[in-house]
Amino acid sequence: MIGRLNHVAIAVRDLAAATRIYTDTLGAKVSAPLPQPEHGVTVVFIELPNTKIELLEPLGEGSPVAKFLEKSPDGGIHHVCYEVDDIIAARDRLKATGARVLGTGEPRIGAHGKPVLFLHPKDFNGTLVELEQA
Ligand code: CO
(Lines give C-alpha, C1' and ligand atoms only; values in the text may rest on other atoms or scores of the structure.)
Protein backbone atom coordinates (compact mmCIF):
# COMPACT_ATOMS: atom_id res chain seq x y z
CA MET A 1 0.00 0.00 0.00
CA ILE A 2 2.64 2.58 0.93
CA GLY A 3 4.82 3.86 -1.87
CA ARG A 4 7.81 6.16 -1.94
CA LEU A 5 9.32 7.81 1.12
CA ASN A 6 8.23 11.40 0.48
CA HIS A 7 10.19 12.97 3.33
CA VAL A 8 11.66 12.63 6.80
CA ALA A 9 10.72 15.53 9.08
CA ILE A 10 13.08 16.89 11.73
CA ALA A 11 11.86 19.18 14.51
CA VAL A 12 14.16 22.14 15.19
CA ARG A 13 14.14 25.04 17.62
CA ASP A 14 15.77 27.52 15.26
CA LEU A 15 14.93 27.13 11.59
CA ALA A 16 17.56 29.62 10.42
CA ALA A 17 20.33 27.82 12.33
CA ALA A 18 19.13 24.42 11.11
CA THR A 19 18.99 25.72 7.53
CA ARG A 20 22.61 26.85 7.81
CA ILE A 21 23.66 23.34 8.86
CA TYR A 22 22.09 21.95 5.71
CA THR A 23 23.37 24.67 3.37
CA ASP A 24 26.81 25.43 4.79
CA THR A 25 27.83 22.18 6.48
CA LEU A 26 26.04 19.58 4.35
CA GLY A 27 26.02 21.48 1.06
CA ALA A 28 22.30 21.04 0.34
CA LYS A 29 19.74 23.34 -1.26
CA VAL A 30 17.05 24.50 1.15
CA SER A 31 13.70 26.06 0.13
CA ALA A 32 12.38 29.35 1.52
CA PRO A 33 10.50 29.06 4.86
CA LEU A 34 6.79 28.32 4.48
CA PRO A 35 4.54 29.19 7.45
CA GLN A 36 1.75 26.63 7.94
CA PRO A 37 -0.41 28.08 10.73
CA GLU A 38 -2.98 25.29 10.33
CA HIS A 39 -0.32 22.74 11.29
CA GLY A 40 1.45 24.96 13.86
CA VAL A 41 4.77 24.90 12.02
CA THR A 42 7.04 26.78 9.69
CA VAL A 43 8.73 24.39 7.27
CA VAL A 44 11.60 24.32 4.82
CA PHE A 45 12.35 21.48 2.44
CA ILE A 46 15.70 20.07 1.49
CA GLU A 47 15.56 18.31 -1.86
CA LEU A 48 17.73 15.23 -2.07
CA PRO A 49 18.04 13.04 -5.15
CA ASN A 50 15.83 10.30 -3.69
CA THR A 51 13.68 12.05 -1.06
CA LYS A 52 13.25 15.23 0.95
CA ILE A 53 14.05 16.37 4.46
CA GLU A 54 11.48 18.67 6.06
CA LEU A 55 12.67 20.92 8.89
CA LEU A 56 9.87 21.94 11.27
CA GLU A 57 9.97 24.93 13.59
CA PRO A 58 7.06 25.54 16.00
CA LEU A 59 4.64 28.30 14.96
CA GLY A 60 2.00 29.82 17.23
CA GLU A 61 0.30 28.59 20.39
CA GLY A 62 -0.12 24.88 21.01
CA SER A 63 2.18 23.76 18.21
CA PRO A 64 2.59 19.97 18.29
CA VAL A 65 6.26 20.51 17.46
CA ALA A 66 6.73 22.69 20.56
CA LYS A 67 5.57 19.74 22.68
CA PHE A 68 7.98 17.44 20.87
CA LEU A 69 10.87 19.86 21.52
CA GLU A 70 10.05 19.95 25.24
CA LYS A 71 10.92 16.24 25.31
CA SER A 72 13.78 16.49 22.79
CA PRO A 73 15.35 19.93 23.29
CA ASP A 74 18.07 19.31 20.70
CA GLY A 75 15.49 18.49 18.05
CA GLY A 76 15.07 15.14 16.38
CA ILE A 77 13.18 13.05 13.88
CA HIS A 78 9.51 14.02 14.16
CA HIS A 79 7.82 11.90 11.49
CA VAL A 80 8.27 9.99 8.26
CA CYS A 81 5.98 10.54 5.28
CA TYR A 82 4.99 7.79 2.87
CA GLU A 83 3.10 8.33 -0.35
CA VAL A 84 -0.12 6.46 -1.03
CA ASP A 85 -2.09 6.36 -4.28
CA ASP A 86 -5.48 6.81 -2.62
CA ILE A 87 -5.44 8.42 0.81
CA ILE A 88 -9.09 7.66 1.59
CA ALA A 89 -8.70 3.99 0.69
CA ALA A 90 -5.49 3.86 2.75
CA ARG A 91 -7.21 5.46 5.74
CA ASP A 92 -10.17 3.10 5.59
CA ARG A 93 -7.90 0.07 5.32
CA LEU A 94 -5.80 1.24 8.30
CA LYS A 95 -8.86 1.98 10.43
CA ALA A 96 -10.22 -1.48 9.65
CA THR A 97 -7.01 -2.97 11.10
CA GLY A 98 -7.42 -0.88 14.28
CA ALA A 99 -4.74 1.71 13.52
CA ARG A 100 -5.51 5.16 14.91
CA VAL A 101 -5.74 8.11 12.55
CA LEU A 102 -5.05 11.41 14.32
CA GLY A 103 -7.36 14.43 14.37
CA THR A 104 -10.77 14.19 12.74
CA GLY A 105 -9.63 11.40 10.45
CA GLU A 106 -10.28 13.60 7.44
CA PRO A 107 -7.24 14.47 5.29
CA ARG A 108 -5.91 18.02 5.53
CA ILE A 109 -3.85 19.88 2.98
CA GLY A 110 -0.16 19.48 3.78
CA ALA A 111 2.97 21.43 2.91
CA HIS A 112 2.95 20.22 -0.71
CA GLY A 113 -0.66 21.21 -1.33
CA LYS A 114 -1.75 17.57 -1.22
CA PRO A 115 -4.04 15.76 1.25
CA VAL A 116 -2.25 14.29 4.27
CA LEU A 117 -3.13 12.23 7.34
CA PHE A 118 -1.15 11.38 10.46
CA LEU A 119 -1.14 7.97 12.18
CA HIS A 120 -0.68 7.35 15.87
CA PRO A 121 2.98 6.63 16.78
CA LYS A 122 1.95 3.93 19.26
CA ASP A 123 0.59 1.87 16.37
CA PHE A 124 3.79 2.27 14.28
CA ASN A 125 6.78 1.39 16.46
CA GLY A 126 6.90 4.74 18.21
CA THR A 127 7.11 6.71 14.97
CA LEU A 128 4.61 9.32 13.86
CA VAL A 129 3.65 8.44 10.28
CA GLU A 130 2.31 10.90 7.73
CA LEU A 131 0.54 9.65 4.62
CA GLU A 132 0.46 11.91 1.59
CA GLN A 133 -1.66 11.47 -1.49
CA ALA A 134 0.82 10.77 -4.31
CO1 CO B 1 5.61 16.05 6.83
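How many bridges join β1 to β5, and do they run parallel or antiparallel? I found six bridges between β1 and β5, and the two run antiparallel. I noted that this is a predicted model, where local features need pLDDT of at least 70, side-chain atom pairs count only at pLDDT 80 or more, and totals for chains, interfaces and linings use all residues. Residues are numbered from 1 along each chain as its sequence is written, and side-chain values use heavy atoms, with hydrogens and water left out.

**Entry 1: the sheet**

Strands (E, at least two residues) and helices (H or I, at least four) are DSSP runs, numbered from the N terminus. Two strands pair if DSSP finds at least two bridges between them.

I then traced the whole sheet. It is open, has eight strands and mixed pairing, and its order is β2-β3-β4-β1-β5-β8-β7-β6. The edges are β2 and β6 (108–109), each with a single partner strand, so one side of each has no neighbour in the sheet.

Strand β2 (residues 34–36) is joined to β3 by three bridges, and the two run antiparallel. Here Q36 stands opposite V41 in β3. Four residues lie between the strands of this hairpin, and G40 takes a positive phi near 70 degrees.

Next I followed β3 to β4. Seven bridges join them, again antiparallel. V41 has P58 as its bridge partner in β4, and V43 has L56. I also checked how covered β3 is. Six of its seven residues are buried, where buried means under 20% relative accessible area, exposed over 50%, and partly exposed in between (1.4 Å probe, protein chains only).

Then I looked at the strands around β5. V8 stands opposite V80 in β5. On to β8: six bridges join β5 to β8, and these strands run parallel. E83 stands opposite E132 in β8.

Four bridges join β7 to β8, antiparallel, and F118 stands opposite E130 in β8. Two bridges join β6 to β7, also antiparallel. R108 faces V116 in β7 as its opposite residue. The hairpin of β6 and β7 has five residues between the strands, and G113 takes a positive phi near 75 degrees.

**Entry 2: the cobalt ion**

Which protein atoms are the donors of the cobalt ion? I listed H7 (NE2), E54 (OE), H79 (NE2) and E130 (OE), lying 2.1 to 2.4 Å from the ion. Donors are N, O and S atoms within 2.8 Å of the metal (3.2 Å for Na, K and Ca); water is not among the atoms, so sites may look incomplete.

I read the donor spacing along the chain as H-x46-E-x24-H-x50-E.

Why is the arrangement irregular? The four donor atoms subtend angles of 85 to 173 degrees around the cobalt ion, which makes it so. For four donors, tetrahedral needs all angles between 85 and 135 degrees; four count as square planar and six as octahedral if opposite donors are over 155 degrees apart and all others between 65 and 115; anything else is irregular.

**Entry 3: the largest pocket**

I looked up the volume and got about 910 Å³. A pocket is an open set of points on a 1 Å grid over the protein atoms alone, where a 1.4 Å probe fits, with protein on both sides within 12 Å along at least five of seven lines; lining residues have an atom within 4 Å of a point.

I counted 37 lining residues, with P64, H78, L102, F118 and L128 nearest the centre. Among the elements that give two or more residues are β3 (41–47), α2 (64–71) and β5 (76–84). The largest share, six residues, comes from α2.

Last, I looked for F124. I found it in the loop between β7 and β8. F124 counts as partly exposed because its relative accessibility is 22%.

Notes:
Grid points are joined across faces, edges and corners, and a volume is the space filled by probe spheres set on the points.
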